[in-house]
Amino acid sequence: MASVEQSYRYGAMSELQDMPLGQRLALASDASHAPEISGGFLTARARYPDMTARGLRSVSEIVGSRFYVPPSMLARILREADPVATVSPGVVRFEGFSACCSAYIRLDLGDDALEVSHRRNGTTNVDFGPELRGALASVGKGTSLELTIGAEAVGIIRDGAKIVEKKVPLPVRWIKGFAEVQVAMAGMEHAFRLGRVAAQRFLRQLPRGKSDHLQWVSVAGSMPRLSMRETTGGVPLRGGHRLRVLEPLVAAADGLDIYTNRATDASAWVLDFGSQRLCLVLNVDPWRGFSGDGGLLSRIATSDGGAVAAIRAQLNWQDRIDEDGLADATGLTREEVRAGLAEVAAGGLAGFDLNRGGYFHRVLPFDVEKITALNPRLKAAGKLLEADAVSMTGDGGEIRSDGTTHRVRADGENWTCTCPWYARNGSNRGPCKHVLALEMHLERQA
Amino acid sequence: MTEEQFLELVCKKKARDVVEILAATPLADRRRHAKVAAQLFRDTVMQWAAPPDAPKVRDRDAPSVAVLATASLGELKKLGFQPLPQKLGVEEVVRALSPEWVDDWVEAAIEQSPHLVSRFAPLWQAGLCKRPAGEAFILGYYAHFGRDLEGAGEASFLEEDVWRFFEVEGGGEFSLASHDKYAGGPDFTWSTRLLKYVAAGRLDRARLLDVSLDALQRDFGQFRAGWYSRFHAALEPTVDEMTPRADRYLALLASSVPPTVSLAMKCLQTLDKAGAVAPGALLEALEAPLQARQKSTVTAALKMAGSAARRDPALKARAASMVTRALVAEAADVQSKALDLIEKLGGAEDASVRSELAQYVDLAAPSVRDRLASLVGASAGAPQTEPDQVTGPREVTPVLPVATAEDALALFLAVLESPRDPLMVERAIDGVARFGAELRGDEKALSPLRKRAGQIWKAQGESRIRFILAATGRALAEGKTFAQLRREVSDKPTYQLEAAGKLSRVFLDRNDEVIANVLQDRSLPMLSTPSDDAGCIAPSDLVARMEVYRERGIDPGKIDLALGLLRLSAEGRPEALKEFAPVSEAERALAYALGADVTPGDIGVLWSAAWAARQPTDPDERIAALFTPHLPDCGTPADPELKIWKKEQDVYHWIVIEVPVSVAETASVDQAIPAMFFPIERDTYFYRDVCGHVFEDIAWSSLVRPNWSEPFHRQALLHMDTSQKLSDHFCLAFLEPFFRAGPAVQPLGAATLAYYIASEDKSVSTLAGEAVVSLLEEERLDAASFASAVRPFLMSAALPTARWTKGFAAIAATGPVGAAFVRQLVTLFLDFPPDETPRDMGGMLELLYELHVAAGAKLQNADALACLKAMTGGGKLAKFAAKLVQMSDAG
């Protein structure tokens with residue numbers, strides 16, 4: 001598995017400290033991707049300390065989870081991949097991605113959830129080990145909890161060293177998936193909402209153990225129903241045990257909103273606590289990473305980068321990027337803005353907020369752009385193009401590859417291909433390398 | 001030293017001598033032989049049987065020693081850190097060779113296999129390497145309970161290592177929980193050993209109490225966390241010891257690990273009795289256990305909430321509010337207890353509590369709903385006495401043939417990747433029959449098929465249907481006959497196209513016939529292509545297809561036509577027959593299937609299929625006589641009989657199912673014929689999987705006789721193992737016919753549903769339940785016939801009754817139709833004598849009671865009431881038997 005080495009450099013270890021008037025959750029920020037900031041990114045008091053602590057535990061739990069175990073997966077990734085925190089004008093967000101790349105989680109703390117005394121916009125990794133997760137279990141309703149991100153080192157020393165450094169090999173698909181899950185979210189529609197009690201009942205009926213059956217979740221009356229057969233409007237779900245992370249929190253939520261992406265069958269499960277939200281996004285199969293969905297490949301393959309550059313110039317830690325405003329500012333059409341934003345998100349520069357129905361700016365602390373070009377399908381398409389393997393026909397093209405001629409034909413808005421990849425996936429997971437090669441060929445000709 | 005000298009040294013000398021000689025050789029000289037040493041190690045030690053040309057070694061430790069003397073750390077890593085002498089002490093080797101990488105080697109080797117801790121321990125004990133610090137070092141303790149802890153080892157264990165036991169969780173292979181579970185008795189467990197140290201005053205008891213609670217806070221997996229809760233309990237903390245730790249126990253109540261919550265509950269109960277925990281804090285901490293999945297936890301939490309309110313009456317309102325959360329429990333008795341407590345606490349008079357209660361009215365068990373509704377001043381809604389309108393028979397959708405050669409190729413490529421939908425598979429083969437001749441001229445178009453079919457052919461895979469599809473694809477793309485393909489694999493016994501006695505053989509032979517026409521450049525419709533998504537062929541369609549063959553003077557394929565006859569729809573036969581003037585034997589067979597009185601010919605496969613197509617079947621001696629000896633369902637009805645019993649051996653018991661038929665089953669001269677009629681053949685111990693053993697194959701088999709699925713369900717009954725849990729259970733395919741349009745469910749079909757509901761695999765049991773609901777809506781299944789199917793399973797006592805209770809509850813929860821059906825169904829069971837009452841019937845009676853309450857109905861069945869009245873004793877069974885009798889007119 002291709003991987004890149006991710007370095008984390010923390011001035012200290014994150015810790016939950018007992019203070020004279022409560023507790024202080026001091027989250028150390030990673031200095032290797034963002035410069036040290038005087039006073040740190042955030043100092044705030046949690047208005048709902050137990051819920052904030054439980055939400056952070058859930059983020060950490062997903063980061064430390066592996067719902068599918070590819071044989072070559074390294075245990076170290078489980079232990080050391082850290083969540084990403086983003087501080088922006090109205091929301092503080094903590095994001096995590098499971099080691100198996102099939103589950104993404106984000107805790108959004110709105111201004112109503114925090115009394116902010118210091119804020120500095122930015123994105124950083126935060127040190128968040130199992131010890132801290134355990135300690136957070138003790139935060140109760142009555143606790144006064146101060147939350148800091150990257151504030152001055154709190155003096156915790158790990159292994160005798162003041163500076164904590166970790167080098168973690170992160171699989172390329174993990175980093176790409178982390179970025180591209182945002183694009184999957186942008187393509188989601190709201191399926192239904194469950195009230196608190198119905199959501200609780202639903203989560204309780206899920207098996208405690210591993211469950212890899214494909215099921216469809218639908219609503220009959222106010223109650224959710226799980227079915228083994230596809231139901232009209234149902235949300236596909238395999239690996240329902242991944243939802244268990246929501247169970248300890250659902251009792252405190254106002255409701256559970258369920259979204260689905262009809263093209264990729266990914267789903268999002270958003271616990272709504274009013275001032276904060278916990279969003280869990282699942283790919284339909286626990287063994288499938290979001291990076292393989294490739295919905296943006298056509299765009300990336302044929303983009304000249306102009307729209308993206310124009311959009312990037314307008315990014316300034318917005319909580320919600322106004323697409324109309326962006327269109328006015330850049331002179332791009334609304335469609336170009338939307339497509340460009342998806343590309344920006346896949347590059348790690350934007351996340352998607354389902355509740356607000358729009359992208360927000362943040363900068364993932366990974367070299368996402370560098371690895372986008374490593375996409376196997378893009379690379380293979382490039383090779384086909386270099387080998388002059390594409391020839392045009394009346395309704396599409398023929399692509400010669402390893403002694404085989406694949407025919408690509410226009411079918412409405414999509415292309416069809418005679419390759420096995422297309423036969424297995426259709427257009428649901430983006431174009432195959434032959435379609436990409438044809439698109440690149442057409443772009444060159446244009 | 002030359003390479004030859006080095007090899008001679010390692011092969012001929014004892015390991016100890018090799019160490020001595022290499023230790024005296026300069027390191028740079030030794031390093032030159034690293035590759036040779038590694039290869040020798042691979043050839044002689046890593047392989048359980050050395051290759052014939054491998055050098056012979058006198059001492060098997062010598063190659064390991066040679067690697068340790070010559071390799072760099074990277075080279076050792078490539079060998080998986082395996083070179084380690086078995087007899088010669090590693091201490092002696094390291095002392096002599098003094099490798100500079102010893103620290104990294106030890107750390108990495110132990111990381112890879114914690115078992116090695118005991119092998120390497122002498123090294124750090126002798127100061128020859130650093131003591132490893134990684135987690136794997138602690139896992140080494142979990143792996144080796146018997147490891148020597150005497151002397152320096154014991155001191156460091158007690159001072160440092162033992163405390164890390166409470167930080168290092170371990171995993172599937174190494175953990176304290178798994179060690180102690182399989183230790184072979186309490187004397188050999190880590191728990192007992194640590195308790196002995198405590199008793200001897202050598203381990204700090206207070207610290208152990210704290211660190212075990214720390215461990216429980218760490219989100220360890222349930223199985224592994226269980227060790228720490230048991231250990232904490234085994235320390236038997238006194239009230240004085242628990243009191244300062246009360247906050248820790250309160251925090252643990254929110255744990256997601258049930259045994260951890262149980263421990264905390266027990267400790268807090270003790271503290272509560274002693275008045276050593278603040279009632280307010282206790283009440284707030286009960287929020288999570290009041291909503292736990294485990295009934296016992298919720299019940300205990302309710303008691304503690306009541307106790308907290310008693311100790312501090314000011315907390316009554318808060319307690320009542322908190323207790324409302326327990327209503328999320330599914331069990332009626334828990335809901336009832338929660339309401340008792342709420343009323344006792346005065347919650348019914350509190351508007352905010354009533355408002356919280358209102359959220360649960362719709363979800364409450366029927367027996368609690370009225371009470372809850374009256375508490376909140378709402379209506380519980382009218383009882384559901386009238387089932388919703390049933391949907392009636394399922395509409396069938398026509399299966400349209402592919403329209404172009406391009407579509408035919410695209411469809412074939414798609415089913416080659418995933419042949420899970422048998423209708424698509426049949427449509428794809430029909431596409432080959434219609435457009436194969438046209439495609440043959442287009443090499444370029446066929447090139448992807450040639451490549452992909454070749455790959456699948458080579459890999460073979462689990463699915464016979466897919467393999468045969470690959471063969472069909474190759475035949476089309478390469479212009480080869482099936483006979484030529486057979487010859488390619490004639491010398492590979494495990495790689496044959498034919499699979500004797502399996503329905504895939506029918507698929508193969510039919511495709512062979514289709515390809516034979518294609519290779520003669522004939523474009524023809526496939527006779528056996530289903531006309532609709534029920535898998536049936538409209539008689540008029542088959543007649544029309546036969547006329548195409550007649551007009552072109554082509555004999556129809558025997559298997560293709562036979563399969564077509566088996567798929568013949570029951571509708572429209574007389575009309576089709578009116579327009580049909582049979583001439584050839586094949587046409588006469590079709591006419592016979594359509595109901596004509598014609599004299600059978602001598603092609604057994606055609607006439608037996610034509611006979612089977614006439615449902616219900618009456619014996620026809622003329623057709624039976626075509627087979628010597630007679631075959632079941634070939635002119636003579638098979639008349640299967642279902643036998644179910646519980647087999648016991650020692651402490652084990654299991655269910656045995658047999659479905660014998662009235663006609664003896666024997667191998668036929670033509671194996672394709674009995675395969676079409678789903679024979680039962682035993683391999684050595686098991687019934688042969690006639691339909692295949694993967695979803696794709698079984699799904700295709702389900703389309704062989706869509707109008708008469710009893711033979712298919714006979715296989716379904718024989719091949720289900722209810723204890724088997726799989727991520728893609730092949731038996732799901734046996735349920736497929738229930739979701740297609742079809743006739744009323746027959747006895748073996750009903751038995752399949754009854755049996756599958758009891759599967760431990762949730763996907764199977766859920767789908768079986770959904771099939772029942774779907775059949776009810778289509779009025780293809782009634783309570784009486786399903787009760788007859790379920791009864792022998794229940795009465796055999798081979799499987800827990802609770803599985804059916806759960807399945808029936810799920811069916812009842814789908815709506816009024818399901819609820820009414822389950823009410824009738826369970827009522828119909830109740831006709832057994834008291835001494836034959838199935839075990840665990842209490843849950844079933846509770847379900848029956850709740851369903852009656854929900855419907856506002858009374859139990860009126862006289863047999864059922866007599867059965868209930870005869871039930872004696874206590875427990876849930878007697879309680880709900882009495883309630884059901886009371887609610888009846890007889891009560």
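Two strands pair if DSSP finds at least two bridges between them. Strands here are DSSP runs (E, at least two residues), and helices are DSSP runs too (H or I, at least four residues), both numbered from the N terminus.

Hi everyone! Before we look around, some housekeeping. This is a predicted model, where local features need pLDDT of at least 70, side-chain atom pairs count only at pLDDT 80 or more, and totals for chains, interfaces and linings use all residues. Residues are numbered from 1 along each chain as its sequence is written, while chains are lettered from A and ligands numbered from 1 in the order in which they are written.

Let's start with a sheet in chain A. It is open, has four strands in the order β21-β22-β23-β24, and its pairing is antiparallel. The edge strands, each pairing on one side only, are β21 (390–393) and β24 (414–417) of chain A. From one strand to the next, the twist averages 25 degrees. Now, which residue is the bridge partner of V408(A) in β24(A)? That is C417(A). Four bridges join β24(A) to strand β23 of chain A, residues 404–411.

Chain A also has an open sheet of eight strands, in the order β9-β5-β6-β7-β18-β17-β16-β12, again with antiparallel pairing. Here the edges are β9 (122–125) and β12 (189–195) of chain A. The twist averages 15 degrees from one strand to the next. Helix α1 of chain A, residues 49–63, packs on this sheet and touches β6, β7 and β18 of chain A; its direction makes about 160 degrees with that of β7(A). Such angles run from 0 to 180 degrees between N-to-C directions, with axes fitted as lines to C-alpha atoms, for helices over the stretch in contact.

Next, a hairpin: β19(A) and β20(A) have four residues between them, and G357(A) in the turn has a positive phi of about 65 degrees. D353(A) stands opposite G358(A).

Finally, the core. A nonpolar core is a set of buried Ala, Val, Leu, Ile, Met, Phe, Trp, Tyr and Cys residues joined through C-beta atoms within 7 Å. Buried means 20 or more other C-beta atoms within 10 Å of a residue's own, with C-beta atoms placed from the backbone. The largest core has 413 residues, and V323(B) is one of those touching the most other members. Helix α4 of chain A gives the largest share, ten residues. Leaving out residues up to four places away in sequence, V323(B) touches several residues, including L290(B) and I342(B); contact means C-beta atoms, placed from the backbone, within 7 Å.

Technical notes: A residue is buried if 20 or more other C-beta atoms lie within 10 Å of its own, exposed if 12 or fewer, and partly exposed in between; C-beta atoms are placed from the backbone. Two residues are in contact if their C-beta atoms, placed from the backbone, lie within 7 Å.
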